[in-house]
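Colleague: I have not looked at this structure before. Could you take one part of it and go through that part closely?

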Amino acid sequence: SEKTLQADYAQPFGKKFLLETGVKTILRDVSSEYTYDEYDFATASFVRDEARSNVFDYDQDVYAGYGQGTLTLGKFGIKAGLRYEHTQVGGTFRDDASNFTSQYSNLIPTATVSYAKAGKYTTKISYTQRIQRPGMTFLNPWINTSDSLNITYGNPELEPEVSHGFELGYNTFKKFG
C-alpha cells in the first residue's frame, strides 16, 4: 500500500515575485511472501522447504518540505528552490532475525534562468538534482537460491543514487506554431 499526503501554498508578492512552499509525506508498506516447495515422490505431495521460504515486510517512509521562489525581471525569469527529504527504511522477516533499518536525509537544490523575447523565442538553462531510492528488491538481504545458476540477494545498506541534471533549451515561435 502507498499513502501520500501533500499540502502546497503559493503566495505572490506583487507581479514580479512568487513564493511557493509545501510539505509531502509518502508512506509505503510492502509485503513479499516467497515459498519454495519440493515434490516428494515417496508421499506424492509437495513439501515446503522452510530454509528457502519466508515473508518479508518492507516499509519506506519519506518526509519532505520545499521552498521555491520565482522572480521576473523584464524578459528574464529566475527560479530557485531547495527541497529537504528524510527517508526511513525498514525490513522485517517473520521467520528470521536479519531485520534492518536505515535512514538518510537529502538537500535537493534546483535553479532555472530563462530569457524570453515575446512572440519570438525563449532560452533557458537549468540545474536539477534528483534522488533515486533503492527499491525493496535491491535492499532485501534474503538469499534466493531457488535457481542455483542465478542466486540473488539485496544489500540493506544501499544508499540512494543522486544525479545532477543540466538542461539548455531554446524554443522558437512562428506564425504556424
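Modeller: What follows is a close look at one strand, its partners, and some residues on other strands.

The model is a predicted one. The strand to start from is β6, which covers residues 76–93. On one side of the account is strand β5, residues 54–73, which pairs with β6 in the antiparallel sense over 18 bridges. Within that pairing, G65 has Y84 in β6 as its bridge partner. The two strands form a hairpin with 2 residues between them, and in the turn G74 has a positive phi of about 65 degrees.

Strand β6 also pairs with strand β7, residues 100–117. These two run antiparallel and are joined by 16 bridges. One of the pairs there is Q88 with its bridge partner Q103 in β7.

T87 counts as buried because its relative accessibility is 0%, and the cut-off for buried is under 20%. The T87 side chain makes a polar contact with the side chain of R133, at 3.1 Å. Leaving out residues up to four places away in sequence, T87 touches Q60, D61, V62, S102, Q103, Y104 and R133. Of these, Q103 has already been named as the bridge partner of Q88.

The side chain of Q129 makes a polar contact with the side chain of Y127, at 3.4 Å. Apart from neighbours within four places in sequence, Q129 is in contact with L107, I108, P109, V162, S163 and H164.

Strand β9, residues 161–172, includes L168. L168 counts as exposed because its relative accessibility is 74%, where exposed means over 50%. L168 is one of the residues that make a nonpolar surface patch of about 570 Å².

Strand β3 covers residues 37–40 and strand β4 covers residues 45–48, and they pair in the antiparallel sense over 4 bridges. D40 has S45 in β4 as its bridge partner. This hairpin has 4 residues between the strands, and A44 takes a positive phi near 55 degrees.

Methods. Residues numbered from 1 in each chain as written. Predicted model: local features only at pLDDT ≥ 70, side-chain atom pairs only at ≥ 80, totals over all residues. Heavy atoms only, no water. Patch = residues over 30% accessible without salt bridge, like charges linked within 9 Å, V, L, I, M, F, W, Y side chains within 5 Å. Areas by Shrake-Rupley, 256 points an atom, 1.4 Å probe, with all protein chains shown as cover. Salt bridge = Lys/Arg side-chain N within 4 Å of Asp/Glu carboxyl O. Buried < 20%, exposed > 50% of the residue type's maximum accessible area, 1.4 Å probe, protein only. Polar contact = N/O pair within 3.5 Å; in protein donor to acceptor, adjacent residues only side chain to side chain. Contact = heavy atoms within 4.5 Å. Pairing = 2+ DSSP bridges.
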